[in-house]
Amino acid sequence: MANDAAKPAEEHQRVDSTFRNGSITAIGVVVGFSLSFLSRWSALPGEWAHSDLVSVALITVGLTLQVKALADLLLVSSLQLKRYNRSVRYFLTGLGLVGLGVVLAVFADLLGFGGIVLQG
């Protein structure tokens, strides 16, 4: 019974718009860096290895989640705490996937399985 009373109050909690705007800026910068890394890497000459494709897949999925989080935060409804927190979770998951993809590409190249990641 107490949980039923807490849910409506939780749904109406709001994030300060100034705080959300800072989050939008930070996420936008990280998305820009992720896009820049992926575009620079794809423009490098050379042959791609299978490990490169796994890394690119992880980076692409992570980047998609980052862009979704940014798009969600641009909506006025993201001022609701529940939606804001969901967007931040999407972003952090995307950031983790991008990081994992980059680390995988670097270690694959160092171990001799990679293709073009460290040639740039």
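Analyst: W41 counts as buried, at 2% relative accessibility; buried means under 20% relative accessible area, exposed over 50% and partly exposed in between, with a 1.4 Å probe and protein chains only. The model is predicted: local features need pLDDT of at least 70, side-chain atom pairs count only at pLDDT 80 or more, and totals for chains, interfaces and linings use all residues. Residues are numbered from 1 along each chain as its sequence is written, and side-chain values use heavy atoms, with hydrogens and water left out.

A pair of aromatic rings is described by the distance of the centres and the angle of the planes. Rings of Phe, Tyr and Trp (its six-membered ring) pair if their centres lie within 6.5 Å; planes under 30 degrees apart count as stacked, over 60 as edge-to-face and the rest as tilted. The count by this rule is two aromatic pairs. Helices (H or I, at least four residues) and strands (E, at least two) are DSSP runs, numbered from the N terminus. F19 is exposed at 51% relative accessibility, whereas Y84 is buried at 7%.

W41 belongs to a tilted pair with F37, at 5.8 Å centre to centre and 45 degrees between the planes. F37 and W41 are four residues apart in helix α2, so about one helical turn separates them. F37 is partly exposed, with a relative accessible area of 30%.
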